[in-house]
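User: Please take a close look at one helix and its packing partners in this model. Keep it brisk and define the terms as you go.

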Amino acid sequence: PLPVHCPVSLARQTTFFFLNVNKMEAPAVRAAYYAAFHQGSHVQKVQRLYRYGLKNILNYAVQRDVFHVEAAKLREEFENNKNSPAGASLLTKGIERLHSMEHPDGWILNTSYGGSKWQRNVPIPDSVSITLDYGKEPKY
């Protein structure tokens with residue numbers, strides 16, 4: 001279960017950082033959203049911020065040439081602040097900036113949660129047998 005102070009609400013639509021959290025999604029998905037910037041070491045949080053920043057840039061810049069330019073700018077900004085003594089405050093400001101710049105309709109892979117093909121390929125029941133010999137079954 002999630003901690004009591006978790007910002008994810010089950011009763012209403014909530015935006016947590018740049019991820020839309022619906023009331024119908026699985027508890028593991030909500031826990032992953034919460035853990036993105038609340039658990040792990042400082043290095044892990046910075047890595048997640050960088051990765052989510054790249055994903056957010058890709059939501060805005062679909063053309064790869066534009067994406068590469070914007071990704072280089074983001075990388076340069078991270079490299080400039082790499083050994084800064086104000087690391088924790090920079091991380092907090094970065095998370096707030098990421099949240100303020102989120103795309104209103106971000107890209108979701110069609111096979112991941114919230115995608116158009118989520119759980120379409122259900123497993124075949126055990127009662128169904130697959131025959132691979134194409135008409136050469138034994139006669140009964």
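Analyst: Helix H2 (residues 42-60) packs against helix H3 (residues 64-80) at an angle of about 155°, and their axes are 9 Å apart. Axes here are lines fitted to C-alpha atoms, for helices over the stretch in contact, and angles run from 0 to 180 degrees between N-to-C directions. Helices (H or I, at least four residues) and strands (E, at least two) are DSSP runs, numbered from the N terminus.

This is a predicted model: local features need pLDDT of at least 70, side-chain atom pairs count only at pLDDT 80 or more, and totals for chains, interfaces and linings use all residues. Residues are numbered from 1 along each chain as its sequence is written, and side-chain values use heavy atoms, with hydrogens and water left out.

H2 and H3 are therefore roughly antiparallel. Angles under 35 degrees count as roughly parallel, over 145 as roughly antiparallel, 65 to 115 as roughly perpendicular and the rest as oblique. The crossing of H2 and H3 is right-handed. A crossing is left-handed if the near helix is turned anticlockwise from the far one by less than a right angle, and right-handed if clockwise.

On the H2 side, the residues meeting H3 are Val-46, Leu-49, Tyr-50, Gly-53, Leu-54, Ile-57 and Leu-58. H3 supplies Arg-64, Phe-67, Glu-70, Ala-71, Leu-74, Arg-75 and Phe-78. By class, this contact of H2 with H3 has 10 nonpolar, one polar and three charged residues. Ala, Val, Leu, Ile, Met, Phe, Trp, Tyr, Cys and Pro count as nonpolar, Asp, Glu, Lys and Arg as charged, and the others, Gly among them, as polar. Contact means heavy atoms within 4.5 Å.

H2 also meets H4. Their axes come within 11 Å and cross at roughly 25°. That makes H2 roughly parallel to H4. H2 passes H4 in a left-handed crossing. From H2, His-42, Lys-45, Val-46, Leu-49, Tyr-52, Gly-53 and Asn-56 make the contact. Their partners in H4 are Gly-87, Ala-88, Leu-91, Gly-94, Ile-95 and Leu-98. The contact of H2 with H4 divides into seven nonpolar residues, five polar and one charged.

Now the wider setting. The protein chain has four helices and two strands, in the order β-β-α-α-α-α from the N terminus.

One residue beyond helix H4 (87-100) also deserves a mention. Ile-108 lies in the segment after that helix. Ile-108 and Asn-59 are 49 residues apart in sequence and 9.4 Å apart in space, C-alpha to C-alpha.
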